[in-house]
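Hello,

Here is the structure I promised to pass on to you. Have a look at it first, and then read my notes below.

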Amino acid sequence: MKIEVFTMLTIYSSLAFMVLISLSHALSKDEVPADPVFDKYEEMVALPGGKFMMGSSKSDGKDGESVQRKVTVKPFKINKYPITAASFRKFVRAKKYKTDAEKYAWSFAFDAFVPEAIKNTIEQRLPGAPWWIPVQNAYWRQPEGKGSGIENRLNYPAVHISNVDARAFCQWHGWRLPTEPEWEFAARGSLEGKEYPWGKKFEKNRMNIWQGKFPEKNTKADGYHGVSPVDAFPPQNDYDLYDMIGNVWEWTSTKFSATPSAKDDAPSPAGEEENPSQVRFVLRGGSYIDSKDGKFNHATRVTTRMGNEADAGSDNLGFRCAVSLPTGTSEKKPKGKKKNADNVAKEEPTVTELPEGAKFVRPNPADLNGKGKKKKNRNEL
Ligand SMILES: [Ca+2]
């Protein structure tokens, strides 16, 4: 009898252990069932790479935008759209991933979209950028905090995503973040010396930016006050890429310098040796709070850039991924004119794994009184 009880206990505990293992098993990309509705937004476009003039010839560039230099990128693929909330949800479910915004339990949301009940609890706002509200428990799944959701925004960009989060997502797919030169090469859509992905002239209804007096009044001439679906506008260039400029800023793997040079254009790891709160990466493309001409925030064009800490997040920060192609590959020819395809770099970009359980030191919203080092660049988010 004792032996039978022991045997039963052994069986039950083995079963319990197996259940525990299966529950804690993080799924690989290949183990996740296809999503017939939203997987199309994960499509990538293959680009030939080549040499091009990076940076703006205009003198009004912010954050190093007007530093021009010739750079070369190798053949690569890049997401056709920013990564959607649907795709990010799939990743989170499979990996049981927790974003930086969740670890810190707050993130910045734009004033106009935060419910009054939440705003009334905010005692301090960012000096110089009072339109950014530090909202408790705001993150990608509830962009304006408790009570908000993504049910009707699954084809919108995933937001409140840090550089660390973006790298983890891309890595799960076998991808990586684009370097800053790759991002600009893609945005230019084979055109040389043009301000916009589609050409030299500003065109209405090609991107989501802010029209009207910022931050009080948005005329929504482009149809959107805040973030818009990734395919709200037609492709912005001949590479068939959507939403490169406007809507949400996109992370790159390039460390930020306000005086960029060739040595700064390489991809950089957010490695164990560096605290994500202290290393800044380049963001590209501008967002829904930026302007046509730079009268407030940034002028939105192919060269628009700024830097932010690797663990920063807000409701206008998103990303897309890239992956290297072997030199000489032409998996899918872009619609645009192929340019300098024979003039490509020989070295592969470095893809660096992120450390598990990195330590973070993001300040509490209550500390946002202008004394802290962090968040000082928020007025430009
Ligand atoms: Ca808009």
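**Starting from V279**

V279 counts as partly exposed because it has 19 C-beta neighbours inside 10 Å, while a buried residue needs 20 or more. Please keep in mind as you read that this is a predicted model.

Where does V279 lie? You will find V279 in the loop that links β7 (249-255) with β8 (280-284). If you then look for E309, its C-alpha is 5.5 Å from that of V279, although 30 residues separate the two in sequence.

**The whole chain**

The chain has 6 helices and 11 strands. Of its 381 residues, 46% are buried. Among contacts with a separation of 6 or more, 79% are between residues 24 or more positions apart.

**A sheet to look at**

Strands of a sheet pair through backbone hydrogen bonds, and the pairing can be parallel or antiparallel. Here, an open sheet of 3 strands has the order β1-β4-β11, and its pairing is antiparallel. Its edge strands, β1 (44-47) and β11 (322-324), each pair on one side only. From one strand to the next, the twist averages 20°.

How many bridges join β4 to β11? There are 3 between β4 (residues 76-79) and β11, and the two strands run antiparallel.

Finally, look for helix α6 (residues 180-188), which lies across β1, β4 and β11. Helix α6 runs at about 75° to β4.

Terms used: Residues are numbered from 1 along each chain as its sequence is written. This is a predicted model: local features need pLDDT of at least 70, side-chain atom pairs count only at pLDDT 80 or more; totals for chains, interfaces and linings use all residues. Helices (H or I, at least four residues) and strands (E, at least two) are DSSP runs, numbered from the N terminus. A residue is buried if 20 or more other C-beta atoms lie within 10 Å of its own, exposed if 12 or fewer, and partly exposed in between; C-beta atoms are placed from the backbone. Two strands pair if DSSP finds at least two bridges between them. Axes are lines fitted to C-alpha atoms, for helices over the stretch in contact, and angles run from 0 to 180 degrees between N-to-C directions. Two residues are in contact if their C-beta atoms, placed from the backbone, lie within 7 Å.
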